[in-house]
Amino acid sequence: MKEYKGWLSSVVLEEDEVIVNLKGKKEVRFPYDDLIKVSNNPPTLAQNGYIVMETKSGSCAVVYTKKMRAKFDELFDIFNNIISQITEMSKDSDQFIEVVTTETIFHGSVADELLKFKQLYDAGVISLEEFEKQKKQLLG
């Protein structure tokens, strides 16, 4: 077992599954082979970073601070290795899994920023209030 503690949430790598604890309120569990896509959006001067894990049954995100970046970069690499292995196995069975890696740029477009906050809201990382506040701020 290996645990990656984020800001108010954590990711635990068990022998046969991933456990994501979101704000101590919700626990998401999925087997490694359900992992489809992972994105790592590193922290900037103005905001925390977050890693989004998309699985066959949905997605979830864990927010982390600048001090936690090295550990979450490691987690991101682990997930990418897992996805690469799944992709290789899938090629043998004529399936394809898309692997997407993104980095949020601080000066991204309004649409990019809205999408980022929508993903955080959908993953249960931020509240509807916080999403609406950010949306209002971005749209002026």
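Visitor: What is the bridge partner of Val20 in β4?

Guide: In β4 the partner of Val20 is Val28. This is a predicted model, where local features need pLDDT of at least 70, side-chain atom pairs count only at pLDDT 80 or more, and totals for chains, interfaces and linings use all residues. Residues are numbered from 1 along each chain as its sequence is written, and side-chain values use heavy atoms, without hydrogens and water.

Visitor: What makes β3 and β4 a pair?

Guide: Two strands pair if DSSP finds at least two bridges between them. Strand β3 (residues 17–22) and β4 have six bridges, in the antiparallel sense. Strands themselves are DSSP runs of E, at least two residues, numbered from the N terminus.

Visitor: Why do β1 and β4 stand at the edges?

Guide: The open sheet runs in the order β1-β2-β3-β4. β1 (2–5) and β4 (26–31) each have a single partner strand, so one side of each is left without a neighbour in the sheet.

Visitor: Why is the pair of Tyr64 and Phe72 called stacked?

Guide: Rings of Phe, Tyr and Trp (its six-membered ring) pair if their centres lie within 6.5 Å; planes under 30 degrees apart count as stacked, over 60 as edge-to-face and the rest as tilted. Here the centres are 4.6 Å apart and the planes at 0°, so the pair is stacked. Ring pairs link Tyr4, Tyr64 and Phe72 into a cluster.

Visitor: How do you know whether Tyr64 is buried or exposed?

Guide: Buried means under 20% relative accessible area, exposed over 50%, partly exposed in between (1.4 Å probe, protein chains only). Tyr64 is at 0%, so Tyr64 counts as buried. Phe72, also with 0%, is buried.

How values were computed:
Helices (H or I, at least four residues) and strands (E, at least two) are DSSP runs, numbered from the N terminus.
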